[in-house]
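Please describe the fold of this chain and pick out some residues worth a look. The report follows the sequence and the structure.

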Amino acid sequence: MADATPHHVYMRAALALADEGARAGEVPIGAVVVVGGVVVGRGYNQPIGTHDPTAHAEIVALRQAAAVVGNYRLVDAVLYVTVEPCLMCVGATVHARVKTVVYGTSEPKTGAVESQQRGYEQPGLNHSITVVSGVLARECSDRLTTFFRQRRTDARA
């Protein structure tokens, strides 16, 4: 069954975190960091609640993973995130030496992997990252669409 691949399993974990973020009033983006088949970092967007513009799901998950692993370099890590990372998050994954980034849906406004920029293809980077896109793309996209539709409805009320 295609839905039981490791990418799907871990992306579903990231989707669950995105749902947690939405319940907290944050933009529903979730991320998990996996090393050796074990989730070592989890995060969802938290900039609103933490008053921290860097508290993107990816950054939260990378911070937790680095603490668990005991090293800021996560050389064998795979980052699963529901939405294409922004430029800040691309930079963080490069600095952390993440091996692979797997994301669900593109982000046409701020996506820095393929949509607006090709952050991993910049000359001078000292680390290359494998990218897998489109994993559970519809489900990841639906989370955002539903969230922002509800926000617009609430704003009109």
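## Report on the predicted model

At 71% relative accessibility, His51 counts as exposed, where exposed means over 50% relative accessible area, buried means under 20% and partly exposed lies in between, with a 1.4 Å probe and protein chains only. His51 is found in the loop between α2 (47-50) and α3 (57-69). Although His51 is not a glycine, it has a positive phi of about 55°. Most residues other than glycine have a negative phi.

This is a predicted model, in which local features need pLDDT of at least 70 and side-chain atom pairs count only at pLDDT 80 or more, while totals for chains, interfaces and linings use all residues. Residues are numbered from 1 along each chain as its sequence is written, and side-chain values use heavy atoms, with hydrogens and water left out.

**The chain as a whole**

The chain has 5 helices and 5 strands, which follow the pattern α-β-β-α-α-β-α-β-β-α along the sequence. Helices (H or I, at least four residues) and strands (E, at least two) are DSSP runs, numbered from the N terminus.

The radius of gyration of the chain is 15 Å, which agrees with the value near 15 Å for a compact globule of 157 residues. This radius is taken over C-alpha atoms, and the globule rule is 2.2 Å times the number of residues to the power 0.38. Along its principal axes the C-alpha trace spans about 50 × 35 × 25 Å.

Of the 157 residues, 43% are buried. Contacts (heavy atoms within 4.5 Å) with a separation of 6 or more are 57% between residues 24 or more positions apart. The accessible surface comes to about 8100 Å², and 54% of this surface belongs to carbon and sulfur atoms; the areas come from the Shrake-Rupley method with a 1.4 Å probe, and for residues only the protein chains shown count as cover.

There are 15 positive and 14 negative side chains, and the centres of the two sets lie 1 Å apart. Lys and Arg count as positive and Asp and Glu as negative, with His and the chain ends not counted. Each charge is placed at NZ of Lys, CZ of Arg, CG of Asp or CD of Glu.

Two strands pair if DSSP finds at least two bridges between them.

| Strands | Sense | Bridges |
|---|---|---|
| β1 and β2 (residues 38-44) | antiparallel | 6 bridges |
| β1 and β3 | antiparallel | 5 bridges |
| β3 (residues 77-83) and β4 | parallel | 5 bridges |

Strand β1 (residues 30-35) is mostly covered, with 5 of its 6 residues buried. β1 and β2 form a hairpin with 2 residues between them, and Gly36 in the turn has a positive phi of about 60°. Val35 has Val38 in β2 as its bridge partner. On β3, Leu79 is the bridge partner of Val33, and Leu79 also stands opposite Val101 in β4. In strand β4 (residues 100-105), 6 of the 6 residues are buried, so the strand is largely enclosed by the rest of the structure.

In α4, the buried residues are Cys89, Val90, Ala92, Thr93, Val94 and Ala96. An α-helix has 3.6 residues a turn, so residues three or four places apart point the same way. The buried residues of α4 pack against α3, β3 and β4.

Thr93 lies in this helix (residues 87-96) and counts as buried at 1% relative accessibility. Leaving aside residues up to four places away in sequence, Thr93 touches Leu62, Leu79, Val98, Val101, Tyr120 and Ile129.

Which residue just after α4 takes a positive phi of about 65°? The residue is Arg97, found in the loop between α4 and β4. Arg97 is not a glycine, and at 14% relative accessibility Arg97 counts as buried.

**Helix α5**

Arg138 lies in helix α5 (residues 137-156) and counts as exposed at 64% relative accessibility. Arg138 and Leu125 are 13 residues apart in sequence and 32 Å apart in space, C-alpha to C-alpha.
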